[in-house]
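Subject: Structure handover and findings

Hello,

Here is the structure we talked about. Please open it alongside this email and follow the notes as you go.

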Amino acid sequence: MDTSFALTLQIVLTVLAGVTAQVIGEITRVPSIIFLLLFGIGLGPDGIGLLHPQDLGIGLEVIVALSVALILFEGGLSLELSELGQVSDSLRNLVTIGIFVTLIGGGMAAHWLGEFPWSLAFLYASLVVVTGPTVIGPLLRQVEVDRKVATLLEGEGVLIDPVGAILAVVVLDIILNGDADPTTVVGGLILRLSIGTLIGVVGGGLIGLLLKQASFLGEDLRNLVVLAGLWGIFGLAQSIRSEAGLMATVVAGMVVRWLSVPDERLLRRFKGQLTVLAVSVLFILLAADLSIASVFALGKGAVLTVLVLMVVVRPLNIWLCTRSSDLNWRQKLFLGWVAPRGIVSASVASLFAILLTERGINGGEAIKALVFLTIIMTVMIQGLTARFVAGWLGITKADAVGAVIVGCNPLSLLMARLIQEYGDPVVMIDTNEAACEFAEKEGVELLISSALDHDALERAGIDKAGTFLAMTKNGEVNAVVAQRALEEFQPARVVAVVPQDKSLGEFPNQGKLKGAQTPRLSLKQWNTYLNAGEVRLGETRLREENSELQQTHLATLVRNGAMVPLLVERDDALRVALGQERWEIGDRIIYLWHDSKPKLLKQLAGGIQPTRLTLETVPVVEAVPPALKDPLAEPDVAALPGPDGSAASNGAISYPSDSNSAADSSADTSSANS
């Protein structure tokens, strides 16, 4: 077979296998790197023998270098710089102190347990100090931990890759040249980082300015200009100092993001697609090039080396680097558990194996095998257990508590007060300074700002809140701020209140509210009831007996406008329950009941509504009618007390009889009211 055609088939098969592995990963919600490794090994010489990466010769190194540059640029472009400020101290420690903790700990483990000579032990440790955005990103999309933990892991993955790769190059230089002077190590590291940073800042700035000024460029050409620019930056830095290009590409991506270039989302989407392709191709080729026999030849000492790296070195690293942070022990424990290695470790290890072999130094293949064993074990063990560990520690977004509420009005202020009294954090945002007096009276924190202000949302603690509730008087405003929160912060729960006389489809951005709850509520009416004292604050619990009938009863009261559920306590956590109609047994529901008695009668009865509502049990809500033959049958809504109190003013509720006739229904109502 023609050599060029054979190589073409190799690339085609690699791309097909890589994309297939990515698709399987999305379907199974398992880190795709697992399937990439399996496919690569299975198609390689130790498998069915369809892929032979060594046939690419020097071209493999070229593919690896350009792909890694693209991956790191996309990582820098994806970093949210404003969020990094919240974890800046811990992040700085991880990419400085943390690197040397892993270098020393990993080197000692590889020497004493893996029986590697000191030089190769530290070379291995320098290769595995990195984590990598290619495995951290997909993992966090599946696990969805709280924002501060996610930001720290993402920032570490992106920033530590170039630093770790440069450190590995410095260690390799020492092995090849025999110069072990510590000043040489530190000096070489700082020199490469400085050159890369300088070129990255200048190059990224030029790319950003070009994108801002060159309005004549079409979308497709703009993306290609950026691609050519980042590879130009990489090539320039590499020509000045080896491996300085890695730092240059990361910094360039961060600068482009900081400059807020036009159509940034489209650019990030394009680079994200290229990155997925690059990761797929690289992992397939590098895994196919791996000798399984060399992995098994390492013995149990290699397995113990990786385990020590996972359960001793990483937790120690996190403890040292986050001592002065405000992270709690649950967050630190999760950070100490999750540190999967990715494509940078694999690619640099593969290149080093080639260089060591060319120089006649034994151990190159063994180092490569140990690095791949580290990747396999960390991804398999940590990647597959991360969701369970996060749930057990209670740091997933679903476990987040508290709320950020946009719009200060009587009803939202009451909900904020109840959440705060429960012991959960709550912050309100409103542009009206007059609302300060009411919020201060209830002891609730209020920010006078626009909810469209990114900094205001950060100050309100949206990254830690369990619920983002948009509850202004304007439904369109609620939809807009909810959309912004979804795009920029991805809170666990987003609720945007829609006026009862409108449907969500009337709003122009309704298609972008996927994942948000949009309850319809007559906010103006309930605020009027609150101001007039025509409400009672009630609570009830969904009982196991006749639970379906009780659910039907409560849902009918809600739909009839006599009651609005505010909050629900479930599994020892309080959640916003606006618009919710389906409950679980054991739920404690806190609601507002419209008391339809005339004010005069209430005054004569001595039941004047207190100025500060307190929780009570409302009899009409607790008095579930006798069980129906069909527990799911709907009550006669016409017989229920309406918002104006005109029907069934004593709170009695009538349900249709077996005949379901209007006459029977009316008779039941009359009987109930007598």
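Below are notes on a helix pair, some aromatic rings and one alanine. Keep in mind that this is a predicted model.

**The helix pair**

Start with helix α2, residues 32-43, and helix α13, residues 264-288. They pack with their axes 7 Å apart. The angle between them is about 45°. The crossing of α2 past α13 is right-handed.

Which residues in α2 and α13 meet? On the α2 side, look for I33, L36, L37, F39, G40 and I41. On the α13 side, look for V279, S280, F283, I284, A287 and A288. Sorted by class, this contact has 10 nonpolar residues and 2 polar ones. It has no charged residues.

**The aromatic rings**

A pair of aromatic rings is described by the distance of the centres and the angle of the planes. The count here is 3 aromatic pairs. Take W118 and F122 from that set. Their ring centres lie 5.6 Å apart, with 20° between the planes. That pair is stacked. Both residues sit in helix α7, residues 118-127. They are 4 residues apart, about one turn of the helix.

Now go to W526 and Y529. Their centres are 5.3 Å apart and their planes meet at 85°, so this pair is edge-to-face. Planes over 60 degrees apart count that way. W526 and Y529 both lie in helix α23, residues 523-532. They are 3 residues apart, again about one turn of the helix. W526 and Y529 are both buried.

One more item on rings: W112, W118 and F122 form one aromatic cluster.

**One alanine**

Last, find A237 in helix α11, residues 219-240. Its relative accessible area is 0%, so A237 is buried. What does A237 touch, leaving out residues up to four places away in sequence? The answer is I199, A244, G245 and A248. Also check G200 against A237. They are 37 residues apart in sequence. In space, the distance is 8.5 Å, C-alpha to C-alpha.

Best wishes

How values were computed: Residues numbered from 1 in each chain as written. Predicted model: local features only at pLDDT ≥ 70, side-chain atom pairs only at ≥ 80, totals over all residues. Heavy atoms only, no water. Axes fitted to C-alpha atoms, helices over the stretch in contact; angles between N-to-C directions. Helix = DSSP H or I, 4+ residues; strand = E, 2+ residues; numbered from the N terminus. Left-handed = near helix turned anticlockwise from the far one by under 90°. Contact = heavy atoms within 4.5 Å. Nonpolar A, V, L, I, M, F, W, Y, C, P; charged D, E, K, R; others polar. Phe/Tyr/Trp six-rings, centres within 6.5 Å; stacked < 30°, edge-to-face > 60°. Buried < 20%, exposed > 50% of the residue type's maximum accessible area, 1.4 Å probe, protein only.
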